[in-house]
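Student: I would like a close look at one part of this model. Please keep it brisk.

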Amino acid sequence: MNNANSDVDIAIVGAGLVGTPLANVLSAQGWSVALLDANTRTTNAGQPQAQNAQTPDLNQRCTALSLGTRLWLESQNLWNTIADDACPISQVHVSHKGYFGSTRLNADELNADAVGYVVNNQTVNDQLVLGLSATSVQHVTGMRVNNIHVEDDGVRVYFGDTSLKARLLIAADGVSSTTRQSVGIQTHQVDYEQSAFLGTVQLEREHDNIAYERFTSSGPLALLPRPAKTMSFVDCVEPDERESIQSLSDDAYLQRLQQRFGYRLGDFRRVGPRIAVPLVRIEAATQVAERTVLLGNAMRLLHPVGGQGYNLAMRDVAQLCRSLQPLNEHDSSARDPGSAELLQQFSNTRKRDQQQVVQFTDTLARGFRGKASLPAHVRALGLLSLDTLSPLRKQFAQRTMGLG
Ligand SMILES: Cc1cc2nc3c(=O)[nH]c(=O)nc-3n(C[C@H](O)[C@H](O)[C@H](O)COP(=O)(O)OP(=O)(O)OC[C@H]3O[C@@H](n4cnc5c(N)ncnc54)[C@H](O)[C@@H]3O)c2cc1C
């Protein structure tokens, strides 16, 4: 559907990986939902994906989903729509360049089929958007939300030359959220003084579904398994290296990546297009305001180390859906989804997990770097002790699986 013609219980701005599944679940709960997105996407959903060793897709942007995210998607009947693309992680291998020792987290040891799953963001989003056609969600595409006006009994959302009114507004419109700015919520930014190159590399050998997190003095290097002997990488570099690395030819970059990672996976064969992103943490001052909730990157952008950002966001989504769960079939018309008490309770419930994940991510992002303080190094190295399930290693296991 491409026009919103009526007022709704809940308006969600942003049909990304956070807003789309949320719209689906809230609609299934009986709320009337409008999902607004600036993009007009041409989806490849439903088309067979040509992914084999001869024609691997080296132009994918990927995200690691935790086991916790999978279980929640499954409980909402959304996992089956994306399962075909999800590449299971059977083991996470963590090491620190220049130090002996490494630690491994095995799915078996954790009594799970997989520690997590790596998905292609575009494919998964396309599938989730396609799934909306079986719901009553008013899905408006190609319309940028340009203003918000909060009234006593609802929020008026302006897009194109029209508007709609909702009792609850959910901002899932990404890190530069217009919605967040329109309702006057400030942000706080921490600069890690690093950049990351993102891309996909083709291997000579099978990766056996092992994900690698390798800490080096210039920051972490993550390799995540994808089909057809490919791996998605996040390669963190110091700021003074960024320009010279950006200007490398594909072959020279491939060689550099190989040197940084080593030969545990054999020869790296080819690398796809890479992009550079600055590494910052951006957090909104508050998650809720009058009749408004911030979710996903609109609420918080994290350092990508440990693959926490999306999974934390999905735990927010899961809790918001629980808070909005109608008590009976007539409840969604009687209950106010934007009530201040409901939103405050939601926000209070989520604070502890959010603080712990931010602290955990910060430890990993700073702990192993050349400039880190001695205690930070000691703490980070505790992660690599193989003999015991140290508290940090246990936390790493729980956090990686999204069950913390
Ligand atoms: C380098 C990197 C690697 C990462 N890896 C992982 C990982 O392995 N695991 C993990 O858990 N997380 C990871 N993350 C985090 C993850 O990518 C984010 O949590 C997730 O993409 C957030 O999705 P979102 O829907 O909030 O925002 P977005 O994906 O940015 O979607 C926002 C949507 O809003 C729309 N929009 C924007 N403005 C407007 C407007 N004014 N009006 C209408 N629509 C609008 C856009 O078109 C878009 O569709 C990573 C992040 C980075 C930076």
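Student: Which loop does asparagine 209 lie in?

Tutor: Asparagine 209 lies in the loop between strand S12 (187–203) and strand S13 (210–216). Helices (H or I, at least four residues) and strands (E, at least two) are DSSP runs, numbered from the N terminus. This is a predicted model: local features need pLDDT of at least 70, side-chain atom pairs count only at pLDDT 80 or more, and totals for chains, interfaces and linings use all residues. Residues are numbered from 1 along each chain as its sequence is written, and side-chain values use heavy atoms, without hydrogens or water.

Now the backbone. Asparagine 209 is not a glycine, yet its phi is positive, about 60°. Most residues other than glycine have a negative phi. Asparagine 209 is partly exposed, with a relative accessible area of 24%. The cut-offs are under 20% for buried, over 50% for exposed, and partly exposed in between (1.4 Å probe, protein chains only).

Asparagine 77 lies in the loop between helix H2 (67–75) and helix H3 (79–82). It is exposed, at 60% relative accessible area.

For contrast, take a buried residue. Arginine 260 has a relative accessible area of 7%, so it counts as buried. It lies in helix H7 (residues 250–261).
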